[in-house]
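The following dialogue is a tutorial on reading a structure.

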Amino acid sequence: MRRAFLIAVPYVWLLALFLVPFFIVLKISLSDIALAIPPYTPTLDFSQGWSGIKDFFSQLDLENYVWLTEDDLYWKAYLSSVKIALISTFLTLLVGYPIAYGMARAPAEWRPTLMMLVILPFWTSFLIRVYAWMGILSNEGYLNQLLLWTGLISTPLTILNTNTAVYIGIVYTYLPFMILPIYSALERMDESLIEAAEDLGCSRVQAFWLVTIPLSRPGIIAGCFLVMIPVIGEFVIPSLLGGSGTLMIGKVLWEEFFSNRDWPVASAVAVVLLLILVIPIVLFQRNQQKQTEAEQ
Amino acid sequence: MNRLSWFNAVSLTLGFAFLYIPMIILIIFSFNESKLVTVWAGFSTKWYGELVQNEAFLDAAWVTIRVAVFSSTLATILGTAAAYVLVRGGRFFGRTLFSGMIYAPLVMPEVITGLSLLLLFIGIGLDRGILTIVLAHTTFSMCFVSVVVSSRLVTFDQSLEEAALDLGCSPAQAFRLVTLPIIAPAVISGWLLAFTLSLDDLVIASFTSGPSATTLPIKIFSAVRLGVSPEINALSTLMIAVVTVGVITASLVTKRAMMRQKQDEMAAARAE
């Protein structure tokens, strides 16, 4: 009895506030926009009994999805989100790997402190961390002041409100997600393997490519997915650091909903975004499962 | 062995400089006299003074704190129950669906979570306000709590619970007297995680809040869209300070608790 209660409470909560809302999105994505409250049609009317329900289903169609393929704004936004996510994941890996490597090779008594230093920014507000870059990258910002002062440039660079700023913002905010899994893979590595490789005639660089990188691969893969999956749907970074040329699907969905008040199209955008995300999520889960099996 | 090589020292220094310099600049310029944020004009704490008098920010902060306290507490209770059910519950109808619903919100884009919850609230005619934000935050943060707690539940020795049951505890007593004290550090860090997730959240709160309840991130976001302002710098500095103190205290407390637990275990081993 008690057990049933313990299962039922979180179960029902998630059904009501996670699964049901998802089906509502799916349903509204098949509806039409209307000048009404709520601004879509049809709405389910049980008072008319069976014919009301039949009527309801006959009015649902795939019109909004057809619209998504016809207007090139949407598929361009999907493509550019995926492109930005892939490039920024790669950049985060380039920046994050040396840090994780340095941490794993640091004296053991330093490591908890270094871990703490990586985790601390993760706890501070995401919004504030993105905002911090607005002051740095703007035309009269600190970076341009520094570059002008050193004489490297003579006119300020335009970085804020471009894709470059978006990449910088993503690498900065998602760096801990990349560092931590790579660090935990590298920390477990047996360093005598490197010595063995060097004894067998590898140079240090060869040993790194042939031994260290393959052994840290699970960490690299986990880190890349942890960065890429949320970045595809990112909203805050493109809207604060990006410009009018930065096309990302999270921002399109937001504007479709809040500015155009087109709920059916916003819902269709959400459903397609989820379908795109299913692929990396399934791959990620398979990687994690392989990981746990390998450890057992 | 294990001396820091030249390459590693450089990559650590550059890496941590990259992580911390933006925030340090933000903090320094919150003490700037000038309204122009990018020009230094002398030390002043006047922006903090203005912040304290800005009622819109204070109201939003109060809403945010209430939402965070309620939602993280609810999320901790639900998330711990969910973790317990997943790890110890055995088989039950729809278990796969249940674990799927625990993990899916972790990777769900915030815009989708926000949109779907808003459409639900409108569908059932619930007025948007503090209650709807609490419901939304509880839903996604309970999944984070449950992941944190279940990783602790998996690693601890189940025979301790069985011993308590053999010695005449009811299942509820065994949970309260044995399981809960052992998983307490994970439950506390789960609560902290849920609390900061709620404090931080902009996207889901924007979808699920109404005109009657504006949270601090929503307020900051609309101010920041217009550009950098010294007042926001001051506010950010305060938030960074609170989080830093909180995280360091929490890590010291859990470290102490873990050390005490280890000592207890060693003492128990000696007594045998």
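**Two helices in chain A**

A: In chain A, the residues A:Ile170, A:Tyr174, A:Phe177, A:Met178, A:Pro181, A:Ile182, A:Ser184, A:Ala185 and A:Leu186 of H8(A) meet A:Pro218, A:Gly219, A:Ile220, A:Ala222, A:Gly223, A:Leu226, A:Val227 and A:Val231 of H11(A). Two residues are in contact if their C-beta atoms, placed from the backbone, lie within 7 Å. By class, this contact of H8(A) with H11(A) has 14 nonpolar, three polar and no charged residues. Here Ala, Val, Leu, Ile, Met, Phe, Trp, Tyr, Cys and Pro count as nonpolar, Asp, Glu, Lys and Arg as charged, and the others, Gly among them, as polar.

Q: What kind of model is this, and how are its parts numbered?
A: This is a predicted model, in which local features need pLDDT of at least 70 and side-chain atom pairs count only at pLDDT 80 or more, while totals for chains, interfaces and linings use all residues. Residues are numbered from 1 along each chain as its sequence is written, and chains are lettered from A and ligands numbered from 1 in the order in which they are written.

Q: At what angle do H8(A) and H11(A) pack?
A: Axes are lines fitted to C-alpha atoms, for helices over the stretch in contact, and angles run from 0 to 180 degrees between N-to-C directions. Helix H8 (residues 163-187) of chain A and helix H11 (residues 217-232) of chain A pack at about 155°, and their axes are 7 Å apart. Angles under 35 degrees count as roughly parallel, over 145 as roughly antiparallel, 65 to 115 as roughly perpendicular and the rest as oblique. H8(A) and H11(A) are therefore roughly antiparallel to each other.

Q: Is the crossing of H8(A) and H11(A) left-handed or right-handed?
A: A crossing is left-handed if the near helix is turned anticlockwise from the far one by less than a right angle, and right-handed if clockwise. The crossing of H8(A) and H11(A) is right-handed.

Q: How many helices and strands are there in each chain?
A: Helices (H or I, at least four residues) and strands (E, at least two) are DSSP runs, numbered from the N terminus. Chain A has 14 helices and two strands, whereas chain B has 11 helices and zero strands.

Q: What is the extent of each chain?
A: The C-alpha trace of chain A spans about 80 × 65 × 35 Å along its principal axes. For chain B, the C-alpha atoms fill a box of roughly 70 × 65 × 35 Å, again taken along the principal axes. The radius of gyration is taken over C-alpha atoms, and the globule rule is 2.2 Å times the number of residues to the power 0.38. Chain A has a radius of gyration of 25 Å, but a compact globule of 296 residues would have one near 19 Å.

Q: What share of each chain counts as buried?
A: A residue is buried if 20 or more other C-beta atoms lie within 10 Å of its own, exposed if 12 or fewer, and partly exposed in between, with C-beta atoms placed from the backbone. In chain A, 42% of the 296 residues count as buried; in chain B, 40% of the 272 residues do. Helix H7 (residues 159-166) of chain B is hardly covered, as the count of buried residues among its eight residues is zero. After H7(B) comes B:Gly168, whose phi is positive, near 105°.

Q: Is B:Ala41 buried or exposed?
A: B:Ala41 counts as exposed because 10 C-beta neighbours lie inside 10 Å. B:Ala41 is found in the loop between helix H1 (6-29) and helix H2 (46-53) of chain B. Leaving aside residues up to four places away in sequence, B:Ala41 touches B:Asn32, B:Glu33 and B:Ser34.

Q: How many residues of the two chains are in contact?
A: In chain A, 63 residues are in contact with 60 residues of chain B. Helix H1 (residues 2-29) of chain A gives the largest share of the chain A side, 17 residues. That side divides into 52 nonpolar, eight polar and three charged residues.

Q: Which residues meet where H5(A) packs with H11(B)?
A: A:Met116, A:Leu120 and A:Trp123 in H5(A) meet B:Val243, B:Thr244, B:Val247 and B:Ser251 in H11(B). Helix H5 (residues 111-123) of chain A and helix H11 (residues 230-271) of chain B pack at an angle of about 130°, with axes 10 Å apart. H5(A) is therefore oblique to H11(B).
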